[in-house]
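This briefing gathers computed features of one protein chain for a reader who wants to check them against the coordinates.

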Amino acid sequence: MAVEPSPGHAAVVVARSAVEEVLFALAGLPLDVDREGIRDRLLHAIECVYVVLDSGPLARAHLDGLSEAAALVGEARALFDAAAQRGAPAQSLPPQADGVGLLARVLGALRTAQSALQSGHDAVARAQFARRAEIYGTERVEAPTPRPFRASRGVPELHAFPRRSLVPHVEVTPEEPPPAAAPPRAAPPRPRTLEELEAFRRAAVSGELAKRLLGAEPGSLRGEEDGAAPAGDPLPLPYEPSVEEAEVLRRLARSYLEDIAGARELRKPNAIETWLDQASFEEQLLESLDAFASLGGTALPIVSLYHAEAKIPDPERAFAVALTLGSIEGNDTVGAAVMTLKQSAPEELPGWFEGFWLAPSPAIDRAMADLCTSARPELVALALDVLHARGPTPDQVVVPLLERAEPEIAARIARALAAALPRRDALAHLERLCATTGDEDVFLVAVESLLRRGHAPALQLLRSAVDAPVSPSRVPRALALLCLAGRASDLDRLLGAASAAPTASLLRGLGRFGHLDALGTLIRALEHEDREIVAAAAESLERMTGAGLRETVEEPWEVELPPEFADAGSIPIPLRKVERIVTDPSRWSAWLHARAQRLDARMKTRGGAAFTPLQIVDELESRLTPPAAREAAALELALVTGMCSPFSPRDWVARQRRHLSDLRTRVAAIKVAPGAWSYGLAREPEEPALPMRARSLAPAPSSPEPSAPASRAELSGTYVFGDQRDAPARATSERAPDVSLPFRPAGPGGEQRPGARGPEPTVTGRGAVDFGGTMPVAPLPPRPELPFRAAGPSRSGAAGDVEQRLSALAGGTVSVPLISAAPVLPFRAAPSPPEGGSGSAAPVPGSRRDAGTPFMTTQEVSVAPASSAMPFQRPADGSGSPTPPPSPPGFGPEHGAGAPRSSAPPPPPGQPDPGADADLSLAQYASLCAELAVFPWAAEATFQRYGLQSPQTRAAVDRAWKERLGRDAAVYGAWQEMYRRYHDHWSKRGAPAK
């Protein structure tokens, strides 16, 4: 229920936090004080807090709630003051971690609450006086508007019915045991015969019974041997009174809560169930939830009592409390659940998370945002988990937590940045986090968020984590992410790790990676002694080939026995017949030998066909996909498409179906190149973050050379892939090196590492193949490189063969990836126009023409004009020397920040190159880097405008700026600022200079 903002809202939020602190401290106070009286007053004050939160500033209840809450807090404070005067002073009480006595801390919290409520009351009173003609309402309590009862269908219904405000149960029994009390008096025996009953009646009428029970006379109805009850105790009742209707409702409510708690584990698939099988268990859970809500407000107080009576931490009870109260409309119900959460043990946090996530109340989002301000890291982490599961975390929640250093909070903030904050700000924080954190979880979560935002340089972080690991625990998860988001050039690295130390997760990742050269490693893994590794290898073989090789076997049914039967050897282990993927290496080798001709080793393969993202949606929808595989598939879909979706494999089944239907529609609309290794990571950044600042100028440790994989003919000795006539060309061909903007580390001399695989072909237009790699960004090396290097061999041989094959595979027209690939080599010859005339030019990312189409379509790429267009204004004298626009204050060649330029103007396009002595100023170089990043398809034309026609000239400029920026950090900082500004300029322009 949306209400007008009021100064009273902020006041009661502060007061509620202080009052809760006092309530939770009552049990630990070693002071003789009326704990129950103080508890009742403070709980009533919290009721008033929710009246204020649910009403507007002009409601009568709004002002009354503030005044009554302030009065109740004042009464509790007076009781504490009186108890402190009777008992020990605050200085003698056990000190807390901050060195302040517990009583002093409690009194300080009460003063804070009273002051906040009084200030809020005064502000609201002034506002109401100024608008006194608009005051409305006569009721002191404004409950949520009741609605007709509606049964839940697939997901919980949000119920609203007439009720009083709800407050939770708070245990205030002293932690120190009180003095031993006198033993309770034994109750008189009940009459068992008609004669005893008649005697009891006569004794009651005559008053004899009262004298006996009050201690006037010893004895009992059965005689002196039973003894008499001591005087002064309450009168025991010989009969049980009749059960009231409210008690019947509470008993029913308890039974429904037990059903809800038990359903927490039932809705999770086991080894022989599928995700669709959980729909029936969820229906039973929703029926119990609706039945509880049908009892009305009488049953609500039993919820927190149900949780409090547990003898040990119970996540199932926590789940029942969070889901039940989260299905009743109102801030007070969710607030009561949060107060119960704050009193629970850490072992119950998983249950709280699931309950709050699956509940429908919108008040949960507000309550979790408030909980993010808590000083307890575990509560902040839980709140961030709930907000992330329910949707993108709001920016106003993320920003105050960016500097929190606790690992559990930093990891969750890094995860939230996959969707929160503007892209540029999020990337900057994530990159800084990757460069500074020493926590494994924080680093890997930050890298995953970078990948989710389509930041391709994050792949280089994963490669570095594998090649030069900081710790062994970082490698397995880095390999798993690299399998999902890596390029074909990462195959050597993955196969080397799989051969050295195979793990089940890595072998499953190779199946998703989809490179056919991994089949030999997977077949050899079928001979491993570890059953889990064998099963993972078989699963990946089936995922890549779609062979359908199955066998029915009998295997032990692993049943969890109670502890008392754990060592019972006489109980036979049951067997069950299951269908599984064949694990015999010879059968897989024979199958591949017979069907290898239809597999293309140059394409990412899934199910025997070229990979497309729709295959992941099929896997998520399949009844046969196990839960763990659905988790990996959901992550893979997010990385390869760059899509944000609320889908979760652990959500309600009905909601999963709805989200999957939406995903299928969105993914089907993507125009992609079947078989390409990357889609989402090939996008041009909207506003790329600057390269990460170096922590030092020391050279990075050299990466070990990955072991060369076995050739396809050596995989099994009995089969080969593809056409053998292409094998020599593929084995001896050289691929052009990657291009990274603005810097990338390379091997000696800027050459590609011998024996390493080049970037995979990515189809970018009709018949054109882009061999450009990803854009890895590393801390500033001692000798930074330019984004362009000496040209490699021309695209011929194997490269041209790949182009022809990919074009023929798609019928001459191949769709481009979801987002444009990383920058092509800027000095490579531009592709020639297609035969038969010039086609329509592809939309430029970021331009107005591209604004209406979220995905690139099958269009031909236009070549930038070869005219001598400079990125800056030419001087008035008409000379060809490029003149940069006004530089930022304090930068530019006029301030001594640039390298000396050649006095000779660059020649017009098509004229001979002036030689290797040509150079650029710092501003020109920054603009060149930015233009290459924004318009990679026009790289050759861009170099022509800057007078860098030949590879020799570009190599000379490369060496000059490499040395200058490597030894002068100030110049490097100036370059960063210029690069940012020029990148904004070219991005807003939307097209290269003409």
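In this predicted model, Arg-602 forms a salt bridge with Asp-600, and the closest N and O atoms of the two residues are 3.1 Å apart. Arg-602 is buried, with a relative accessible area of 12%, whereas Asp-600 is partly exposed at 26% relative accessibility. Salt bridges that share partners also join Arg-508, Arg-512, Glu-539, Arg-543, Arg-606, Glu-619 and Glu-636 into one network. Side chains of opposite charge can pair when their charged atoms come close.

**Other salt bridges**

- A search of the whole structure finds 49 salt bridges, one of which brings together the side chains of Asp-490 and Arg-463 with an N to O distance of 2.6 Å.
- In another salt bridge, the side chains of Glu-309 and Arg-317 meet at 3.3 Å, N to O; here Glu-309 is partly exposed, with a relative accessible area of 34%, while Arg-317 counts as buried at 17% relative accessibility.

**Helix packing**

- Helix α18 (residues 440-452) and helix α27 (residues 627-641) pack with their axes 8 Å apart and at an angle of about 50 degrees, which makes α18 oblique to α27.
- Where these helices meet, Glu-448, Leu-451 and Arg-452 in α18 come up against Leu-635, Ala-638 and Leu-639 in α27.
- Sorted by class, the contact of α18 with α27 comprises 4 nonpolar residues and 2 charged residues, with no polar residues.

**Buried loop residues**

- Ser-327 lies in the loop between α10 (315-325) and α11 (331-342), and at 1% relative accessibility Ser-327 counts as buried.
- When neighbours within four places in sequence are left aside, the residues in contact with Ser-327 are Pro-156, Glu-157, Leu-158, His-159, Leu-289, Ala-359 and Pro-360.
- Ala-518 has its place in the loop between α22 (504-513) and α23 (519-525), and Ala-518 counts as buried at 0% relative accessibility.
- With neighbours within four places in sequence again set aside, Ala-518 is in contact with Leu-491, Leu-495 and Leu-510.
- Ala-518 and Leu-541 are separated by 23 residues in sequence and by 9.3 Å in space, taken from C-alpha to C-alpha.

**The chain as a whole**

- The chain contains 34 helices and 6 strands, and buried residues make up 50% of its 994 residues.
- Of the contacts in the chain between residues at least 6 apart in sequence, 74% join residues that are at least 24 apart.
- The chain exposes about 45,800 Å², and carbon and sulfur atoms supply 55% of that area.

Notes: Residues numbered from 1 in each chain as written. Predicted model: local features only at pLDDT ≥ 70, side-chain atom pairs only at ≥ 80, totals over all residues. Heavy atoms only, no water. Helix = DSSP H or I, 4+ residues; strand = E, 2+ residues; numbered from the N terminus. Buried < 20%, exposed > 50% of the residue type's maximum accessible area, 1.4 Å probe, protein only. Contact = heavy atoms within 4.5 Å. Areas by Shrake-Rupley, 256 points an atom, 1.4 Å probe, with all protein chains shown as cover. Axes fitted to C-alpha atoms, helices over the stretch in contact; angles between N-to-C directions. Parallel < 35°, antiparallel > 145°, perpendicular 65-115°, else oblique. Nonpolar A, V, L, I, M, F, W, Y, C, P; charged D, E, K, R; others polar. Salt bridge = Lys/Arg side-chain N within 4 Å of Asp/Glu carboxyl O.
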